[in-house]
Amino acid sequence: SHERGWQTTSKHLSMASSITPSKKQCRNAFLAFAVVAELCEGLQSQPATESCAKQMNTFCNTNPATTECIREIKADNGSLPLVALYDSDAVGGLPQWRCYSPSCLDPTRSHFVKGSGCKLYCSQNAALSAIESNCTTTQLFRNGDNSTSCFRIPNVISVDDNVLLAFAEARRNSCSDSGPKSLALRRSTDQGGTWGPVRFLYSDPEHLSDGLNLGASVYDKVTHTVFVHFGVCGHTCRPTGSTFVLASSDGGV
């Protein structure tokens with residue numbers, strides 16, 4: 001069975017056949033698993049999120065690691081307190097987390113003023129990244145929740161309008177590859193800041209001994225369609241099995 005709003009198609013394939021995907025198909029499949037890296041590569045500047053800003057700014061202004069830097073900023077008549085931002089440096093280098101004097105920032109204190117030659121900042125990328133990771137990490141699928149013994153094979157894709165979709169196999173009776181499973185989804189509309197509840201798009205019959213196996217999830221930007229690929233009976237039905245594709249044209253709603 002599958003959730004309303006998602007269309008299902010299937011095809012019977014021989015698992016013994018040789019399939020050579022194109023470079024474009026491989027790249028799309030890879031992006032489905034590396035959406036976080038893709039988003040970060042396109043990021044030029046970023047203030048700390050509201051949930052992390054207090055911790056990160058406190059580090060910038062009170063941690064012993066920044067004491068000498070603060071002393072130098074004061075000596076150069078830079079203003080305080082320091083502000084944690086993910087931004088560039090005086091020579092236009094790649095963005096990273098730094099503690100900036102407001103003297104180098106725009107009036108909103110959310111962007112480094114590039115091209116000014118201002119060097120009133122402390123580079124603290126590793127420490128600030130660790131703080132950000134600890135205060136923003138969300139466990140999307142937790143073993144034991146939703147009558148599920150084990151969640152496996154997660155992947156995430158980015159969709160239009162700040163939407164992220166996270167998929168996983170919900171293995172109902174154990175963490176084993178065998179047995180009945182469901183295809184789980186959680187949806188975010190703010191690039192991962194918050195997430196909706198776990199939904200099940202497709203569920204195996206309870207008696208099935210060799211259930212679904214989640215494959216790649218891909219978003220087609222031309223047709224604005226999400227495709228989720230999975231197989232059924234991939235272990236005991238060799239050399240043949242069935243593949244299915246779930247499709248959504250409304251961003252996974």
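Does Cys69 count as buried or exposed, and at what relative accessibility? At 14% relative accessibility, Cys69 counts as buried, where buried means under 20% relative accessible area, exposed over 50% and partly exposed in between, with a 1.4 Å probe and protein chains only.

The legends below describe a predicted model, in which local features need pLDDT of at least 70, side-chain atom pairs count only at pLDDT 80 or more, and totals for chains, interfaces and linings use all residues. Residues are numbered from 1 along each chain as its sequence is written, and side-chain values use heavy atoms, with hydrogens and water left out.

**Figure 1. Overview of the chain, with 5 helices and 12 strands.** Helices (H or I, at least four residues) and strands (E, at least two) are DSSP runs, numbered from the N terminus. The chain has 253 residues, of which 40% count as buried. Among contacts with a separation of 6 or more, 54% are made by residues 24 or more positions apart; a contact means heavy atoms within 4.5 Å.

**Figure 2. The disulfide between Cys69 and Cys122.** A disulfide is a covalent bond between the sulfur atoms of two cysteines. Here the term is applied to a pair of cysteine sulfur atoms within 2.5 Å, and by this rule the count comes to 5 disulfides. In the pair shown, the S to S distance is 1.8 Å. The torsion about the S-S bond of Cys69 and Cys122 is about -95°, so this disulfide is left-handed. The pair links distant parts of the chain, with Cys69 in helix H4 and Cys122 in strand S5, 53 residues apart. Cys122 counts as buried at 3% relative accessibility.

**Figure 3. The disulfide between Cys60 and Cys99.** The sulfur atoms of Cys60 and Cys99 are 2.1 Å apart. This disulfide is left-handed, because the torsion about the S-S bond is about -75°. Cys60 belongs to helix H3 (residues 50-62) and Cys99 to strand S4, so that distant parts of the chain, 39 residues apart, are linked. Cys60 is buried, with a relative accessible area of 0%, and Cys99 counts as buried at 0% relative accessibility.

**Figure 4. The disulfide between Cys150 and Cys175.** The S to S distance in this pair is 2.2 Å. With a torsion of about 100° about the S-S bond, the disulfide of Cys150 and Cys175 is right-handed. Cys150 lies in strand S6, whereas Cys175 lies in the loop between strand S7 (163-171) and S8; the pair therefore ties together parts that are 25 residues apart in sequence. Cys150 counts as buried at 3% relative accessibility, while Cys175 counts as partly exposed at 38%.

Figure 5. Rings of Phe, Tyr and Trp (its six-membered ring) pair if their centres lie within 6.5 Å; planes under 30 degrees apart count as stacked, over 60 as edge-to-face and the rest as tilted. The structure holds 8 aromatic pairs. Tyr86 and Trp97 form an edge-to-face pair, because their ring centres are 5.7 Å apart and their planes stand at 65°. Tyr100 and Phe112 form a tilted pair, 5.3 Å centre to centre with 35° between the planes.

**Figure 6. Backbone features at Pro81, Ser147 and Gln191.** The peptide bond from Leu80 to Pro81 is cis, with omega near 0°. Pro81 is placed in the loop between helix H4 (67-75) and strand S3 (83-87). Ser147, a residue other than glycine, has a positive phi near 60°. The loop between helix H5 (125-136) and strand S6 (150-159) holds Ser147, which counts as exposed at 68% relative accessibility. Gln191 is not a glycine, yet its phi is positive, at about 60°. Gln191 is found in the loop between strand S8 (181-188) and strand S9 (199-203) and counts as partly exposed at 33% relative accessibility.
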